[in-house]
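Here is a short tour of one protein model, meant to be read with the structure open beside the text.

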Amino acid sequence: MMNTPDILKKIIARKKVEIAECKNNIPENQMLDVAYKNHNTNNFYQALKDKVDTKQNAIIAEIKKASPSKGVLRENFNPVEIAESYEKSGATCLSVVTNKDFFQGNNQHLIDVCEAISIPILHKEFIIDSYQIYESRTLGADCILLIAACLNDQQIEDFTMQAININMDVLIEIHNIEELERTLQLRLPMIGVNNRNLHTFDVSLETTIELMKEIKEDTLIITESGILTSNDVAFMNKHNIYSFLVGEAFMRQDNPGKALQKIFGKNK
Ligand SMILES: O=P(O)(O)OC[C@@H](O)[C@@H](O)c1c[nH]c2ccccc12
């Protein structure tokens, strides 16, 4: 368990080393080749939008063994079993965290889940290099996460275009007004608001409510992190937010799918 305020910097520093190693094993042009040959992608955005348009909750259920702020969330960790449990229980999409050193994830988890499951899948990783986007497609993901706190304006734009060009969706994640303003000119159809500050780990659900005022009404807003109870869901619904990314609350329970149903109600 790590608890320094600068955890994000550490994650990025480590990631850079990892990417250099990966490029040594499989060069970027080769990765791109494989990415293109991979199966078609599922439409992540549309799956969420269909639910939200009918005022049903759209749930991205996350598979994550541990986190830097909370340590190990779940000892008995079988990604495919968890994914099946989520799918059966009405999850709209899945999110698979692959980061090794800080979340105890693994690329193999994503490969296995993508093979076993037919609903759209988000690759949860700290993307800082175009190489990772081809890698993500190669592993089988449908959508990448771009965390504005880790990227400059040019990278946000370039990485978004690159993902769209290989038929992937992009979930851009922001946490404050400065990050939001840096993404608005791209007119992305969906934006994730992280209620957790990645520098300090502080969580406040008000983050979503404050920032949504600055986002155009036809943008799909996904509230991320810190959703623990059905009261939290009701609070978001009251503010017209119907899209959720939830990890910890499900991961801590023996049966993650049952936990999903408990918090969201039967959501078929
Ligand atoms: O476990 P929670 O509090 O329900 O949060 C899920 C998800 O939002 C969180 O894991 C997350 C949001 N953005 C991230 C970026 C990297 C790693 C993890 C995340």
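Is Leu-260 buried or exposed? Leu-260 is buried, because 24 C-beta neighbours lie inside 10 Å and 20 or more are enough for that label. Please keep in mind that this is a predicted model.

## Leu-260 and its surroundings

Leu-260 belongs to helix H13. Setting aside residues within four places in sequence, its contacts are Ile-59, Ala-61, Tyr-86, Ser-89, Gly-90, Ala-91 and Phe-250.

Leu-260 and Thr-229 are 31 residues apart along the chain, and their C-alpha atoms are separated by 9.8 Å.

## Helix H4 against helix H13

Leu-260 also takes part in a helix pair, as one of the H13 residues that meet H4. Helix H4 (residues 79-88) packs on helix H13 (residues 256-264) with the axes 7 Å apart and an angle of about 30°. The two helices are therefore roughly parallel to each other, since the cut-off for that description is an angle under 35 degrees. The crossing of H4 past H13 is right-handed.

On the H4 side, the contact is made by Ile-82, Ser-85, Tyr-86 and Lys-88, while H13 brings Pro-256, Gly-257 and Leu-260. By class, four of the residues in this contact are nonpolar, two are polar and one is charged.

## Helix H2 against helix H7

Now turn to another pair of helices. Helix H2 (residues 28-37) and helix H7 (residues 130-139) have axes 8 Å apart and pack at an angle of about 35°. Their crossing is left-handed.

Which residues of H2 and H7 meet? From H2 come Glu-28, Met-31, Leu-32, Val-34 and Ala-35, and from H7 come Tyr-131, Tyr-134, Glu-135, Arg-137 and Thr-138. This contact has six nonpolar residues, one polar and three charged.

## Met-190 in strand S8

Strand S8 covers residues 190-194, and Met-190 is part of it. Met-190 counts as partly exposed because it has 19 C-beta neighbours inside 10 Å, whereas a buried residue needs 20 or more.

Leaving out residues up to four places away in sequence, Met-190 touches Tyr-45, Leu-171, Thr-219, Leu-220 and Ile-222. Ser-204 is 14 residues from Met-190 along the chain, and 21 Å separates their C-alpha atoms.

## Two loop residues with positive phi

Most residues other than glycine have a negative phi. Gln-104 is not a glycine, yet its phi is positive, at about 55°. Look for Gln-104 in the loop between helix H5 (100-103) and helix H6 (107-116). With 18 other C-beta atoms within 10 Å, Gln-104 is partly exposed.

Asn-240 also has a positive phi, of about 70°, without being a glycine. The loop that holds Asn-240 runs between helix H11 (230-238) and S10. Is Asn-240 buried or exposed? Asn-240 counts as exposed because there are 11 C-beta neighbours inside 10 Å, and 12 or fewer is the limit for that class.

## The shell around the ligand

Finally, have a look at the ligand. Of the 16 residues around the ligand, those that come nearest are Glu-224, Ser-225, Leu-245, Gly-247 and Glu-248. Strand S10 (243-246) and helix H12 (248-251) are the elements that give two or more residues to this shell.

What classes of residue make up the shell around the ligand? The shell has six charged, six nonpolar and four polar residues.

Methods: Residues numbered from 1 in each chain as written. Predicted model: local features only at pLDDT ≥ 70, side-chain atom pairs only at ≥ 80, totals over all residues. Near = placed C-beta within 6 Å. Helix = DSSP H or I, 4+ residues; strand = E, 2+ residues; numbered from the N terminus. Nonpolar A, V, L, I, M, F, W, Y, C, P; charged D, E, K, R; others polar. Contact = placed C-beta atoms within 7 Å. Axes fitted to C-alpha atoms, helices over the stretch in contact; angles between N-to-C directions. Parallel < 35°, antiparallel > 145°, perpendicular 65-115°, else oblique. Left-handed = near helix turned anticlockwise from the far one by under 90°.
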